[in-house]
Amino acid sequence: MRVIAGPTSTVLSRRVAELLHSRIVDVESKVFPDGESYVRLTAPIRGEGVAVIQTLSRPQDASIIQLLQLVSAAEEHGAMKVTAVVPYFAYARQDKRFLEGEAVTAGLLARLIKEAGADAFMTVDAHSVDSMKGFDMPVTNIDASPVISEKLLEMKLNGASVVAPDVGALDRARSLAGFMKGEAFSMRKSRDRTTGKIVMADVDFDVAGKSVVIFDDVISTGGTVTECIKILRRHNPSRIVVACVHALMVGKALDRIVAAGSEEIISTDTLPSTVKTVSV
Ligand code: R5P
């Protein structure tokens, strides 16, 4: 198998290629003066199975077109099988129509990836089951909990309570809690679909004197996690650590979370990150 190193995932692609003892195909990329994206495979891939590794980091829309161009280039140049490996699948939160008139963008992307020529799809901690529904091809959704738990266990957080910010994130919290030998709980969050404002209810579980790990798939503005910390702190946990899979960290997200009272923020390398990372 050859690993095609998408421009947004050059480092991760090298790590994966080393583990697989595969050869890397470097990608030449540029943006034309008018804003259009250009990519070119720098080695032949005819007859080979290829993994195109391209995370959908910001600016997401440009990352998406590069992904589609690379998958298409691989297919057009005779790859035997093309697996699109998208560590962070942007737009996964648009996995249903919340308001009339919206597009289900996660489904649209799935169709585009298929149309570009992918035979299989892989991602890390997809936002939801629904966000993967549009893929008419084999899908592998990798659980980052094992590697995240290793870091948390190094921080002596074994037995910590793992808290999901909303019910939709509870399965992910359960997976992490399993590796940490702790319990998983969920907060109850609702979001106004027009203003984006979050409302979070008080907790109905006990964290007094306990270590708590708040675990979410994505941290964007940090608003969700900050609200969780504020509420949990009223119940006197002994430690609060935040972990996420995909650290988008928009604006002052990091400062907000630290100021709210998180001892540390752990994420993975699915996205370029300003916080402590573990490698998926
Ligand atoms: C939403 O359902 C996601 O799982 C995250 O909770 C959300 O995207 C985090 O966004 P923010 O950091 O802006 O609150």
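The model here is a predicted one, so local features need pLDDT of at least 70 and side-chain atom pairs count only at pLDDT 80 or more, while totals for chains, interfaces and linings use all residues. Residues are numbered from 1 along each chain as its sequence is written, and side-chain values use heavy atoms, with hydrogens and water left out.

Back to that first pair. Helix 4 covers residues 145–154 and helix 5 covers residues 170–180; they pack at an angle of about 50 degrees, with their axes 9 Å apart. Helices here are DSSP runs (H or I, at least four residues), numbered from the N terminus. Axes are lines fitted to C-alpha atoms over the stretch in contact, and angles run from 0 to 180 degrees between N-to-C directions. Helix 4 and helix 5 are therefore oblique to each other; angles under 35 degrees count as roughly parallel, over 145 as roughly antiparallel, 65 to 115 as roughly perpendicular and the rest as oblique. On the helix 4 side, the contact (heavy atoms within 4.5 Å) includes Ile148, Leu152 and Leu153, and on the helix 5 side it includes Leu176, Phe179 and Met180. Sorted by class, this contact has 7 nonpolar, 3 polar and 1 charged residues. Ala, Val, Leu, Ile, Met, Phe, Trp, Tyr, Cys and Pro count as nonpolar, Asp, Glu, Lys and Arg as charged, and the others, Gly among them, as polar.

Next come helix 2 (residues 60–76) and helix 3 (residues 105–116), whose axes come within 8 Å and cross at roughly 30 degrees. These two are therefore roughly parallel to each other. Helix 2 brings Ile64, Leu67, Leu68, Val71, Ser72 and Glu75, which meet Leu109, Leu112, Ile113 and Ala116 of helix 3. That gives 8 nonpolar, 1 polar and 1 charged residues in the contact of helix 2 with helix 3.

Then there is the ligand. A polar side-chain atom of Arg93 sits 2.7 Å from a ligand oxygen atom. For Asp216, the distance from a polar side-chain atom to an oxygen atom of the ligand is 2.5 Å, and for an N or O atom in the side chain of Asp217 it is 2.6 Å.

How values were computed. Polar contact = N/O pair within 3.5 Å; in protein donor to acceptor, adjacent residues only side chain to side chain.
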